[in-house]
Amino acid sequence: MPSPRYLSILATAVILAAPGAGARAQDTRELARRLDAAVALREKATATLVAYRRQTDVAQVYSDTIRIADRAMLVVTTGDFLPVVRAAAVTADTFIRRSGGSQVGALRGTVVTVRVDTTVPGKAGVVISLRSNGLEGAQEQAPASRDAVAKILESRAQELLLAHGGVRSREWLTGGLPIDTMTDSDWRAVRLEMVSSPTTIARTCYGGDIPACKATLGLTVVQDPVMDMYDAEGRRAVIARVRHFGQLARGTTDRCVAGDDAQCINLMRTNAALFYALAPEGSGHARATLMQQAIADGGPGAIERLIMSKGSVSDEIAAAAREPLDSVIVHWQRHARLGGIKSDDFSPAIAAIAIGWILALGAVAVRGSRWR
Amino acid sequence: MAVQWKWSRWAVLAVTVVGFGIPIASVKAIAGSPAEYSNFGSRAAQVVAVMQGFGMAYALLAAGAGLAIALLAWSSDHRGRHVYALSLPVARSRYAAMRFGSGALFLLLPTVGVLAGTLIAVLIAPIPSGLHGYPIALTLRFMLSSAVAYSIFFAIAASTPKAAGGVLGAIAAVLVVAFLLSAASVEFNLLSYLGGLVFSEPGLLSVFTGRWMLIDA
């Protein structure tokens, strides 16, 4: 039988611990209660926001409507922006009908809203949205100018046409299809991408090899990416770039970087951290320029032909261009090699700005006086 | 002009030598063994990266050249409190214009140095296929940048201490206002806004921003 002293100590300990245990349980319950209250508040705020947006979107009065694309697409706006939107709609209508052709009917039911952008002072900006089920989504901000609004209308229409048509190129492009023609900057960027790539096929593509271009742009499947996309130097460069991240076995990595190509091949075939290097090198931007080249080659109705072609991505590009894919690639290669060969270091604008400031500051210095 | 050359010649010659050396140094940096560009993935990527790194050197040299020549143009007058200059039978405006013109001419020497360096560099550099050398464009940008820097510092040096104090006071006031706006949690970045005005076209220092690439795509 335990001694009375021991029992009293034990009893005292239980009595002292009981409130603590109870307090801890009470803290946990209190915490859970507060958490539940916070979650309920957040859900209430979210519901209120959604209801507010529904209310304001429905209450937004668009007094003016314009139909374009054979009356398939409706553009609604407020009176403030009617002149700008009307002018933009005319421009966009020409583009949409020229490129979409008989497919513009797929835009039937599309409603685009153009209203003031309240974050920009002086009604200098607009918000362009797609209206669906009473809500305005896919909002885009733009200056309140004809060209800016027209570009967005064209871009939206093109995207919707491609989506309706189930075009395979949409996924291949990885980003949207630009509506503008290629600029010197675009070609310079493509050229830099090709010549600075660690893959052999990108540089071979730049040199004029059409199958290499098809592979690097993801139009054909490379059977053995490790051997077909890279040479020994390129494989070593890939390993050397990731070695300091510590994801590769040190011994094998060191031997590869030292020149043992077999080790490099083994690493690239077996290490998941290097699988990114086995994907086709050509970026979304490079692919977009090829598609833009095809559309430029094909002229009016290019998007229409693209949509109506139900083949592979290569077939769609050829259909848009109205010529074989190889011809499109040849044109693309030529622009990539020769397009935009000029430096960003100097331009007439830079010269004019600099000379203007020199003259202004010179005048200030000359007209200044030492007399107070 | 002869007298001003006497004051400025060593600075001009130093800048000229440095201007000649930067392009040569940038080319030497890329003329290595293949193993040295493995970290970049390709020779072309290495060249572009190295040229981007050296681009800052041209901009700093242009600013430094303008500063040095502008301050040297007025240093002797400042020491003599402009007594001699004001005692000459020449209008103040004409005197300042002559100083300004002389200093601007001296900037041609560093420009020639940069031109010579870039031309030689492009000739000896192993430029990969797809990249091109732009020695003339780079030299023109250097010339304009150094002239803008020279104009700025010449105008400040030619002004009265009161005017110079006004400029400094304005800069200090901007910093104070920016601090107060930040402390008041006002969502307006004054420094960023003013920086955009100054460094973006057609701002005063826009010629210093952008790409300074001797070899590019």
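Predicted model: local features only at pLDDT ≥ 70, side-chain atom pairs only at ≥ 80, totals over all residues.
Strands, like helices, are taken here as DSSP runs, numbered from the N terminus, a strand being a run of E with at least two residues.

In chain A, five strands come together as an open sheet, arranged in the order β1-β2-β3-β4-β5 with mixed pairing. The edges are taken by β1 (64-68) and β5 (135-143) of chain A; each has a single partner strand, so one side of each is left without a neighbour in the sheet. On average, and with direction ignored, neighbouring strands of this sheet are turned by 25° against each other.

At one end of that order, β1(A) runs antiparallel to strand β2 (residues 73-77) of chain A, and five bridges join the two.

Helix α3 (residues 146-164) of chain A lies across β2, β3, β4 and β5 of chain A, and runs at about 140° to β5(A).

A:Ser129 sits in strand β4 (residues 125-132) of chain A. Its relative accessible area is 0%, and because buried means under 20%, A:Ser129 counts as buried. Apart from neighbours within four places in sequence, A:Ser129 is in contact with A:Val111, A:Val112, A:Thr113, A:Glu136, A:Gly137, A:Ala138, A:Gln139 and A:Arg156.

Note on methods
Residues numbered from 1 in each chain as written. Chains lettered and ligands numbered in written order. Heavy atoms only, no water. Helix = DSSP H or I, 4+ residues; strand = E, 2+ residues; numbered from the N terminus. Buried < 20%, exposed > 50% of the residue type's maximum accessible area, 1.4 Å probe, protein only. Contact = heavy atoms within 4.5 Å. Pairing = 2+ DSSP bridges. Axes fitted to C-alpha atoms, helices over the stretch in contact; angles between N-to-C directions.
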